[in-house]
Amino acid sequence: MTTRLWITTTCSQCGKDSEHIMIGSTSYIGRSDLDLRPPRRARDTMDCWVQECSHCRFVAGDLEEEESGAADVVAGEPWGQLLRHAAVPLHLRGQDRIPSRAGLMNVFQRRVLLDQRAGNHKAAAQRALHAAWAADDSETPQAARDRRREAAALFAGVLAAGTEFTAEERPN
């Protein structure tokens, strides 16, 4: 069983409050898929792995944390292009809905842009992999292949730089 809790956060980019679902607990029963996707119950919490501001659509693990250079990314064309294809925000209070996996893929792709700008290439690689998982779950095989290629290139770059992943940093 998964316990979800509503929390209110203030976006570091626009300064407005928005509500988000946080996971209180979940079961991790079963094995990961061959592509490292967690078992179904844990995978169903992917919409809570990042927060998306319902006002400005900024995406972060914690919206309240300031991010250097984020405004430049949000003002850029790659972000704008992704935002034009984005679904409604992840969580809207009072609506019990699971966001589409295609919409979730878009959220993770926007987070990749921010992680790359911040120089956090390990996080960018993981978020690209999460986007691939969301594409798989939305049954969009071409998008899943494209996201996997992006993730593989990012992971290869991290490893080529001589960086190692700790157990906690390895893909979920």
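In strand β2, residue S25 is the bridge partner of T3. This pairing belongs to a predicted model, in which local features need pLDDT of at least 70, side-chain atom pairs count only at pLDDT 80 or more, and totals for chains, interfaces and linings use all residues. Residues are numbered from 1 along each chain as its sequence is written, and side-chain values use heavy atoms, with hydrogens and water left out.

Strands β1 (residues 3-10) and β2 (residues 17-25) run antiparallel and are joined by 8 bridges; two strands pair if DSSP finds at least two bridges between them. Together β1 and β2 make a hairpin with 6 residues between them, and G15 in the turn has a positive phi of about 80°.

Looking at the whole protein, there are 6 helices and 4 strands. Helices (H or I, at least four residues) and strands (E, at least two) are DSSP runs, numbered from the N terminus. From that end, the order of elements is β-β-α-β-β-α-α-α-α-α.

Of the 172 residues, 42% are buried, meaning under 20% relative accessible area with a 1.4 Å probe, protein chains only.

Note on methods
Buried means under 20% relative accessible area, exposed over 50%, partly exposed in between (1.4 Å probe, protein chains only).
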